[in-house]
Amino acid sequence: MKRREFLQAAGVGLAASAVAAPAIAQSTPEVKWRLAASWPKSLDTLFGGCEYFSKRIAEITDNKFQVQVFAAGEIVPGLQVLDAVQNGTVEMGNTAMYYYFGKNPAFTFGTALPFGLNARQMISWIRHAGGEDLLNGLLKDFNCIGFAAANTGAQMGGWFRKEINSPDDLKGLKMRIGGFAGTIVAKLGLVPQQLAAGDIYPALEKGTLDACEWVGPHDDEKLGFVKVAKYYYYPGWWEGCGQAHNLINLAKWNELPKAYQSAIITASNDAWVWTLSKYDALNPVALRRLISAGAQLRAFPQPVMEACYKAANETYDGLSKSNPHFKKLYES
């Protein structure tokens, strides 16, 4: 090769490298987001799952993409996470979609449908049977996109000050019960209350609540319910699993490089497995401790289960006729 041709060729190569380097740098920018969680720090599995997600995002992106996690109340209250993500107060949040059933009853399918799916069925529906697309079709109306990021597994039926022997015993009871299930038990005369985790114990202690449910033995032990209500019921028919989502502001999502979008999806998947497996490991030993501390384990009587099941199906039939989103998700 002649010297001039060689220099020209080398010059082109160097120029191409000079152009390529900034392009590569631009594809992995430094990004810092805030995540508002619906959970207090004391819940080391749900809030811990958010911290684990943040850690995985940093590891996957070589610390270029960092997500700072805030507990319930640090930026917004636990039940206002969707609003904070929707209006851009934070880039993302971790919450249970059924908290927002008042905005649209179809939100319940993101967390748990009473008498619905268990954890394995839920993730199968989400990942392989169109559930994720259907939920994101709903979330789009709220300027969000979401990915399943935690699961509690099957939940308990909650803590009661008195025994429940028949459907009549539910009448007039003031109970903290999460999300959409409150509309079902209200048909039986129970008075549902929706409170964030940190507000439940004080209300139960003062008598503002007669009963409550949260998740299961590990979290319930941490929240101290056995000290003020001794009857511990199962099954939590309203939550064959309790799923949480990472909700992301749609505009912020669209601004991310594809690699960072993929990192969010991967880290959300990892956090889903982490939370479920941790609950499965910790719940049995916590249940034994709660029984030693005085918890009286009880099964809901069959007549109570049947009355609740009948009320649930009546509710679903009615909503399927009036709410297109609910009908589409319920049929799926």
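Is Tyr 99 buried or exposed? I looked up Tyr 99 to open the notebook, and at 9% relative accessibility it counts as buried. The scale I use calls a residue buried under 20% relative accessible area, exposed over 50% and partly exposed in between, with a 1.4 Å probe and protein chains only.

**Ground rules**

I am working on a predicted model, where local features need pLDDT of at least 70, side-chain atom pairs count only at pLDDT 80 or more, and totals for chains, interfaces and linings use all residues. Residues are numbered from 1 along each chain as its sequence is written, and side-chain values use heavy atoms, with hydrogens and water left out.

**Entry: the whole chain**

I began with the overall numbers. The C-alpha trace spans about 100 × 45 × 30 Å along its principal axes. Of the 332 residues, 51% count as buried. I found twelve helices and eleven strands; these are DSSP runs numbered from the N terminus, with helices being H or I of at least four residues and strands E of at least two. For contacts I take heavy atoms within 4.5 Å. Among contacts with a separation of 6 or more, 77% come from residues 24 or more positions apart.

**Entry: aromatic rings**

Back to Tyr 99 and its partner. I pair rings of Phe, Tyr and Trp (its six-membered ring) if their centres lie within 6.5 Å, and I call planes under 30 degrees apart stacked, over 60 edge-to-face and the rest tilted. The count comes to 26 aromatic pairs. In one of them, the ring centres of Trp 39 and Tyr 99 are 6.2 Å apart and the planes meet at 55°, so this pair is tilted. Trp 39 sits in the loop between β1 (31-37) and α2, and Tyr 99 in the loop between β3 (92-95) and α4 (119-128), so the pair ties together parts 60 residues apart in sequence. Trp 39 is buried too, with a relative accessible area of 3%.

**Entry: Met 97**

Which residues does Met 97 touch beyond its neighbours within four places in sequence? I listed Phe 107, Gly 110, Thr 111, Leu 135, Leu 139, His 245 and Leu 247. Met 97 belongs to the loop between β3 and α4 and is buried at 0% relative accessibility. Its C-alpha is 9.0 Å from that of Leu 247, although 150 residues separate Met 97 and Leu 247 in sequence.

**Entry: α2 against α10**

Next I checked a helix pair. Helix α2 (residues 46-60) and helix α10 (residues 258-292) pack at an angle of about 145°, and their axes are 9 Å apart. The axes are lines fitted to C-alpha atoms, for helices over the stretch in contact, and the angles run from 0 to 180 degrees between N-to-C directions. On the α2 side, I noted residues including Tyr 52, Phe 53, Arg 56 and Ile 57; those they meet in α10 include Ala 267, Asp 270, Ala 271 and Trp 274. By class, this contact has eleven nonpolar, five polar and two charged residues. The classes are: Ala, Val, Leu, Ile, Met, Phe, Trp, Tyr, Cys and Pro nonpolar, Asp, Glu, Lys and Arg charged, and the others, Gly among them, polar.

Further along I stopped at Leu 287, also in helix α10. Leu 287 is partly exposed at 22% relative accessibility. Beyond four places in sequence, Leu 287 is in contact with Pro 217, Tyr 232 and Leu 297. Leu 287 and Pro 217 are 70 residues apart in sequence, but 5.1 Å apart C-alpha to C-alpha.

**Entry: cysteines**

How many disulfides are there? I count zero, taking a disulfide as a pair of cysteine sulfur atoms within 2.5 Å. The sulfur of Cys 241 is too far for a bond, because the closest cysteine sulfur, in Cys 50, is 17 Å away. Cys 241 is buried, at 0% relative accessible area. For Cys 308, the closest cysteine sulfur is in Cys 212, again 17 Å away and too far for a bond. Cys 308 is buried at 2% relative accessibility.

I ended with the backbone. The peptide bond from Tyr 234 to Pro 235 is cis, with omega near -5°, and Pro 235 lies in the loop between β9 (231-234) and β10 (243-249). Phe 115 has a positive phi of about 60° although it is not a glycine; Phe 115 is partly exposed at 28% relative accessibility.
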